[in-house]
Amino acid sequence: MIITILFKIEEEFGFNKTTRKTFFGDKVKGYLVGILIGGGLLALLLWLIQELGEGFWLYFWG
């Protein structure tokens, strides 16, 4: 809702040259990239925890 309002305000004053399709498409792409990078980092973190054993937190803390 807020995004739609901001989109309209920017459009009224001529600050926004993008369309709704590209705006929401960029949002979806951003979320997908975030999921891919975040998922990769989470997988790495879980693998390190498994490999380092019970003392993993000492390595992470250090």
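How many residues apart are Phe 56 and Phe 60 in helix 3, and about how many helical turns separate them? Point 6 takes this up. The notes below go through the predicted model.

1. Overall make-up. The protein chain holds three helices and zero strands. Read from the N terminus, its elements run α-α-α. The radius of gyration is 20 Å, well over the 11 Å that the globule rule gives for 62 residues, so the chain is more spread out than a compact globule. Along the principal axes, the C-alpha atoms fill a box of roughly 60 × 20 × 20 Å.

2. Surface. Of the 62 residues in the protein chain, 3% are buried. The cut-off for that label is under 20% relative accessible area. The chain exposes about 5,700 Å². Carbon and sulfur atoms supply 72% of that area.

3. Helix 1 and Glu 10. Helix 1 covers residues 2-12, and Glu 10 is found in it. Which residues does Glu 10 touch, leaving aside its neighbours within four places in sequence? The contacts are Phe 15 and Asn 16. Glu 10 has 38% relative accessibility, so it counts as partly exposed.

4. Helix 2. This helix takes in residues 20-52, which is 33 residues. From first C-alpha to last, helix 2 reaches 47 Å. What follows helix 2? Gly 53 does, with a positive phi near 80 degrees.

5. First aromatic pair. The structure holds two aromatic pairs. One of them joins Phe 23 and Phe 24. The ring centres are 5.1 Å apart and the planes make 80 degrees, an edge-to-face arrangement. Phe 23 has a relative accessible area of 22%, so it is partly exposed. Phe 24, at 38% relative accessibility, also counts as partly exposed.

6. Phe 56 and Phe 60 have ring centres 5.6 Å apart. Their planes stand at 70 degrees, so this pair is edge-to-face. Now the opening question. Both residues belong to helix 3, residues 56-61. Phe 56 and Phe 60 lie four residues apart there, so about one helical turn separates them. Phe 56 has 25% relative accessibility and is therefore partly exposed. Phe 60 is partly exposed too, with a relative accessible area of 36%.

How values were computed. Residues are numbered from 1 along each chain as its sequence is written. This is a predicted model: local features need pLDDT of at least 70, side-chain atom pairs count only at pLDDT 80 or more; totals for chains, interfaces and linings use all residues. Side-chain values use heavy atoms; hydrogens and water are left out. Helices (H or I, at least four residues) and strands (E, at least two) are DSSP runs, numbered from the N terminus. The expected span of a helix is 1.5 Å times one less than its number of residues. Buried means under 20% relative accessible area, exposed over 50%, partly exposed in between (1.4 Å probe, protein chains only). Contact means heavy atoms within 4.5 Å. Rings of Phe, Tyr and Trp (its six-membered ring) pair if their centres lie within 6.5 Å; planes under 30 degrees apart count as stacked, over 60 as edge-to-face and the rest as tilted. The radius of gyration is taken over C-alpha atoms; the globule rule is 2.2 Å times the number of residues to the power 0.38. Accessible areas come from the Shrake-Rupley method with a 1.4 Å probe; for residues, only the protein chains shown count as cover.
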